[in-house]
Amino acid sequence: MRRTFAAVALALTLKGAATAQTPVDAVGRVIDSAVQAHAFAGAVVAVATNGKVAFIKGYGLADLEQRTPMTEKTVLRIGSVTKQFTAALVLKLADQGKLSLDDTLTRYVPDFPRGGEVTIRQLLSHTSGVMSYTNPRVMSQLKDAGRREWTIKDLVARISTLTPLYEFDPGAGWSYSNSGYMLLGAIIEKVTGKSYAEALKAELLDPLELRDTQVDNLAEIVPDRARGYETSKTSSTGFKNADFIAMGAAGPAGAMRSTASDLLAWHAALFGGQVLKPETLALMKTPARLKDGRLASKNRMPPAWVPETTEYGFGLFLGNLNGHVTVGHGGAIFGFNTWMETFPDDKVTMLIMANTGYPAAEQIGPKVAQAWFTSAVP
């Protein structure tokens with residue numbers, strides 16, 4: 001009888017082990033469901049734990065017409081994830097003593113209106129008040145801007161003519177501003193004497209050996225480059241080709257391309273202290289404050305698409321997802337959407353890179369995180 005009970009117990013244990021859902025299984029189920037629902041044409045999903053890749057896999061197609069599978073080597077645009085690279089580059093120049101975060105804009109862009117009231121710190125944290133050139137209130141003043149390969153200098157000059165140019169007085173509120181990051185690009189070029197792309201490559205990308213990460217160039221032949229799509233209710237495939245956008249129109253605010261493995265390596269290096277001095281990295285992850293001392297979120301301009309409990313540092317959103325502290329940034333640009341979060345207390349980084357426009361990745365990301373954290377440990 002004892003042998004029979006022991007055999008039954010062993011069988012049940014083995015059955016439970018065979019059916020237990022590991023974090024990788026759980027993530028796969030979420031993404032498979034998204035593929036079936038045509039949430040995106042293709043995506044690369046990756047997770048790193050303790051700085052090492054735990055999971056990386058491509059789903060769907062990188063090119064619908066050529067039927068090219070999405071793989072871990074696929075190169076995709078990352079949109080506003082670019083901002084954390086721009087911010088880190090500015091902070092590295094500060095570490096080198098080449099600029100101060102309290103320098104005013106006038107020092108580097110002398111003719112910009114009210115530039116003497118705007119600091120680099122405010123540009124980094126979206127508290128400068130400078131109107132984003134992608135804000136619907138002023139987009140009509142930059143007709144066909146997205147189809148032109150602007151230099152940073154030329155686009156900054158056009159931004160300076162926007163009416164209104166400021167949403168609020170510098171330091172008095174928070175509003176997401178692509179203009180602010182274009183101005184940071186102008187500062188980088190002034191300080192380094194190089195183009196933004198050259199400075200980024202020399203200061204960050206080459207030292208960290210991020211070989212698949214660059215400011216995107218449409219004229220360049222890029223092996224494994226994905227094509228971009230948008231969802232379509234009228235197309236038989238469920239997708240349509242994304243509208244064209246010149247990379248000069250996105251620049252330091254959103255023009256980079258990368259791969260999943262490079263982005264995981266980037267967060268491991270950045271948060272592992274390989275890029276910035278400890279005190280500078282701490283500033284990057286510190287919630288922005290207004291001139292009156294309040295958290296920047298306390299006077300956030302509409303539309304308030306950022307969660308109420310989320311703050312902003314320098315190029316990074318600082319939040320909380322189901323009780324897990326998060327540090328990261330999403331990215332949306334025509335035909336592409338990226339969700340990337342590091343959970344510092346858990347020592348986990350998660351990433352979804354999709355070749356379909358918003359919200360292809362950012363809507364699914366929290367579901368992937370929940371699946372990973374609530375499933376059994378492998």
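Mentor: A term first: helices are DSSP runs of H or I with at least four residues, strands are DSSP runs of E with at least two, and both are numbered from the N terminus. The model discussed here is predicted.

Trainee: What is omega for the peptide bond from Thr163 to Pro164?
Mentor: Pro164 belongs to the loop between α5 (152-159) and α6. The bond that joins Thr163 to Pro164 is cis, with omega near 0°.

Trainee: What is the mean pLDDT of the protein chain?
Mentor: Over residues 1-19 pLDDT stays under 50, and the model has zero contacts there beyond four places in sequence. For the chain, 94% of the residues reach 70 or more, and the mean pLDDT is 93.

Trainee: In what order do the three strands of the open sheet lie?
Mentor: Strands β4 (76-77) and β5 (214-215) each pair on one side only, which puts them at the edges. Two bridges join β4 to β8 (residues 256-258), and these two strands run antiparallel. The pairing in the open sheet is antiparallel, and the order is β4-β8-β5.

Trainee: Which residue in β8 is the bridge partner of Leu76?
Mentor: Strand β4 covers 76-77, and two bridges join β4 to β8. The partner of Leu76 in β8 is Ser258.

Trainee: How many of the 14 residues of α3 are buried?
Mentor: Helix α3 runs over residues 82-95 and reaches 20 Å from its first C-alpha to its last, close to the 20 Å expected at 1.5 Å a residue. Just after α3, Gly97 takes a positive phi of about 75°. The helix is largely enclosed by the rest of the structure, because the buried count is 13 of the 14.

Trainee: What is the relative accessible area of Gln84?
Mentor: Gln84 lies in helix α3. Beyond four places in sequence, Gln84 touches Trp266, His267, Met284, Gly315, Leu316 and His329. The cut-off for buried is under 20%, so Gln84 counts as buried with a relative accessible area of 0%.

Trainee: How many residues apart in sequence are the parts that Lys92 and Glu203 tie together?
Mentor: The side chains of Lys92 and Glu203 form a salt bridge at 3.9 Å, N to O. Lys92 lies in helix α3 and Glu203 in helix α7 (residues 196-205), so the pair ties together parts whose separation in sequence is 111 residues.

Trainee: Are Lys92 and Glu203 buried or exposed?
Mentor: Their salt bridge is one of 13 in the structure. As to accessibility, both Lys92 and Glu203 are buried.

Trainee: With which residue does Asp103 form a salt bridge?
Mentor: Asp103 counts as buried, at 10% relative accessibility. The closest N and O atoms are 3.2 Å apart, and the partner of Asp103 is Arg107.

Trainee: At what relative accessibility does Arg121 count as partly exposed?
Mentor: The side chains of Arg121 and Asp102 meet in a salt bridge at 3.0 Å, N to O. This pair links distant parts of the chain, with Arg121 in helix α4 (residues 120-125) and Asp102 in the loop between α3 and α4, 19 residues apart. Arg121 counts as partly exposed because its relative accessibility is 30%.

Trainee: By what distance are the C-alpha atoms of Leu183 and Val27 separated?
Mentor: Leu183 lies in helix α6 (residues 178-192) and is buried, with a relative accessible area of 0%. Beyond four places in sequence, Leu183 touches Leu105, Phe112, Leu123, Val130 and Val156. Leu183 and Val27 are 156 residues apart along the chain, and their C-alpha atoms are separated by 39 Å.

Trainee: What is phi of Asp224?
Mentor: Most residues other than glycine have a negative phi. Asp224 is found in the loop between β5 and β6 (229-231) and counts as partly exposed at 48% relative accessibility. Its phi is positive, near 70°.

How values were computed
Residues are numbered from 1 along each chain as its sequence is written. This is a predicted model: local features need pLDDT of at least 70, side-chain atom pairs count only at pLDDT 80 or more; totals for chains, interfaces and linings use all residues. Side-chain values use heavy atoms; hydrogens and water are left out. Two strands pair if DSSP finds at least two bridges between them. The expected span of a helix is 1.5 Å times one less than its number of residues. Buried means under 20% relative accessible area, exposed over 50%, partly exposed in between (1.4 Å probe, protein chains only). pLDDT is the predictor's confidence in each residue, from 0 to 100. Contact means heavy atoms within 4.5 Å. A salt bridge is a side-chain nitrogen of Lys or Arg within 4 Å of a carboxyl oxygen of Asp or Glu.
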